[in-house]
Amino acid sequence: MLAKVNSCSVTGIDGFIVEVEVDISYGLPVFNIVGLPEVSVRESKDRVKTAIKNSGYTFPMERIVVNLAPADIKKEGTGFDLPVALGILVASEVIPPDKVNGYLIAGELSLDGKIKPVKAVLSFALAARQKGYKGIIIPVENAAEAAMVDGIEVLPVKCLSQIVDFFSGFVDIEKYCIDPNWRTHVNEKGNGIDFSEVKGQYHAKRALEIAAAGSHSVLMTGPPGSGKSMLAKRLPTILPELTFEEAIEVTRIYSVLGLIEDNRLYISAKPFRSPHHTISDAGLVGGGSKPAPGEISLAHNGVLFLDELPEFKKNVLEVLRQPLEDGKVSIARAGAKATYPAQFMLVAAMNPCPCGYLSDPMGKCTCTHPQIQKYRSKISGPLLDRIDIQIEVPKVEYKDLAAKTKGEGSVQIRKRVNHARKKQEKRLAQLAVSSNARMHSRHLGAFCHLDGECEKLLKQAVDVLGFSARACHSVIRVGRTIADLDNASKIERYHLAEAIQYRSFDRGFPQ
Ligand SMILES: Nc1ncnc2c1ncn2[C@@H]1O[C@H](COP(=O)(O)OP(=O)(O)OP(=O)(O)O)[C@@H](O)[C@H]1O
Ligand SMILES: [Mg+2]
């Protein structure tokens, strides 16, 4: 007999329906899975067979063929265990065939028949709703994640026999329901850090406020212990909170990697990713033999912090160039292609030279010129060109460090950032982008009008400081953000002048 059970898989972060077809016919006992199964799916044969037996059912000693359709896309993961087992039980007439149709089913089986959590359930639930399924049957541990999607029933299951009894009409499975107000009261607990803890460094704080307001990328250069890492870690505390749609998108990425903790609904805080400098290019942008999202996608809608930038391998940094401009990354492998969102704010920190004291007024630097050149050459011109704000973070003065008064806190700064972001969203609504940094250069003319004075200043920047076309565009974008923070409708000369001084590498610093 032939049975069909609906399951799901993902390409990128989008779920697609997989029809699990099971045919049992007379012949020598064999159990084959076709339809481009990867190792983890092929191995499910043993788990399924043992789980069926240990749940008290008879495993048919006949010819079993399982087809995972569409058959031309690779399938991986352990989520097909449960649909395959149910398909076998339907085909061997343990479960009535018509009952399973309206549900999308996924789950890993352990040998004793218990059901274990799987990855990407949020994408499955979205696909189930889009395709009009009545509900989704998933492991208990994944229920909260799936319940974020309105309009479908979420049936959490613990073991194979429970779901067989449900389809046979002996028991009911309680639908997973969450508090209807969950969106309002689920919130990440902050880790208690605040901008007010950073003493002095007013220039750097101002630059980070501008960066947060316009979602601009930042590079901080300064001697050891000047507070670069400290400043970067506090950046998420002044960024606007994620909207619900952004939060769902971020959660989908984490869900595909199985990084959603049990019973956690969704990721509501801006992601802050700080990979170590030994990371590989696949780890950073995504990929590997089986495409998977990398750190830049995990930082989607948040911050990617690269501390000690020149310590990263040069080829690793170079792969950032394309996603920095496109806001997404496409990975193609034999038989598999995936696109992951990657709209992140790049924040990088570095010392001006290998010893770190190049700009020290006491002349502590011991580096030779070739050493400095070698150190800096790790960061290519094209990458630097893509970083909107490049600032110096000098040693903090003792009088600032010893000051008893607290600086401005993150809450106040975030208010200004939010206000500036709202202005941008309103102005750029027709472009479907929410920040100045995401504005394409072809739209600058329409959204960032420059008067004669501003044009003159920009011409000087190109003629005297040698700004590239991209650097000019970036100055205009940053100028627009400064004007937004200033509540000005038009970019003034002083807005642009401030933006120009944030291009310290173009201005020849640090020497
Ligand atoms: N502006 C500051 N206000 C208060 N504390 C500071 C400041 N700058 C540095 N510190 C103190 O110094 C420590 C080291 O700072 P941080 O790690 O941010 O330096 P860094 O610039 O990243 O140095 P490195 O180049 O070595 O990575 C911080 O944990 C903090 O305690
Ligand atoms: Mg540091």
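Which residue places a polar side-chain atom 3.0 Å from an oxygen atom of ligand 1? In this predicted model, that residue is Asn351. Polar contacts here are pairs of N or O atoms within 3.5 Å; within protein, one must be able to donate a hydrogen and the other to accept it, and residues adjacent in sequence count only if both atoms are side-chain atoms. The protein covers 68% of the 630 Å² of accessible area that ligand 1 has on its own. Accessible areas come from the Shrake-Rupley method with a 1.4 Å probe; for residues, only the protein chains shown count as cover.

Backbone atoms also take part. A polar backbone atom of Lys199 lies 2.8 Å from a nitrogen atom of ligand 1. For Met230, a polar backbone atom is 2.9 Å from an oxygen atom of the ligand. The shell around ligand 1 holds 16 residues, each with a heavy atom within 4 Å of it. The closest are Lys199, Gly225, Lys228, Ser229 and Met230. Helix α9 (residues 228-234) gives the largest share of this shell, 3 residues.

The chain has 22 helices and 16 strands. Helices (H or I, at least four residues) and strands (E, at least two) are DSSP runs, numbered from the N terminus. Five strands form an open sheet in the order β11-β12-β15-β10-β16, with parallel pairing. Pairing requires at least two DSSP bridges between two strands. Strands β10 (residues 218-221) and β15 (residues 345-350) run parallel over 4 bridges. Val218 has Val347 of β15 as its bridge partner. Helix α8 (residues 202-214) packs on the sheet and touches β10, β15 and β16. Its direction makes about 165 degrees with that of β16; axes are lines fitted to C-alpha atoms, for helices over the stretch in contact, and angles run from 0 to 180 degrees between N-to-C directions.

Arg480 lies in helix α21 (residues 469-485). Its relative accessible area is 3%, so Arg480 is buried (under 20%; exposed is over 50%, partly exposed in between; 1.4 Å probe, protein chains only). Contacts (heavy atoms within 4.5 Å) beyond four places in sequence include Arg427, Asn436, Phe447 and Cys448. Across the chain, buried residues make up 51% of the 511 residues.

Residues are numbered from 1 along each chain as its sequence is written, and chains are lettered from A and ligands numbered from 1 in the order written. Local features need pLDDT of at least 70, side-chain atom pairs count only at pLDDT 80 or more, and totals for chains, interfaces and linings use all residues; side-chain values use heavy atoms, without hydrogens and water.
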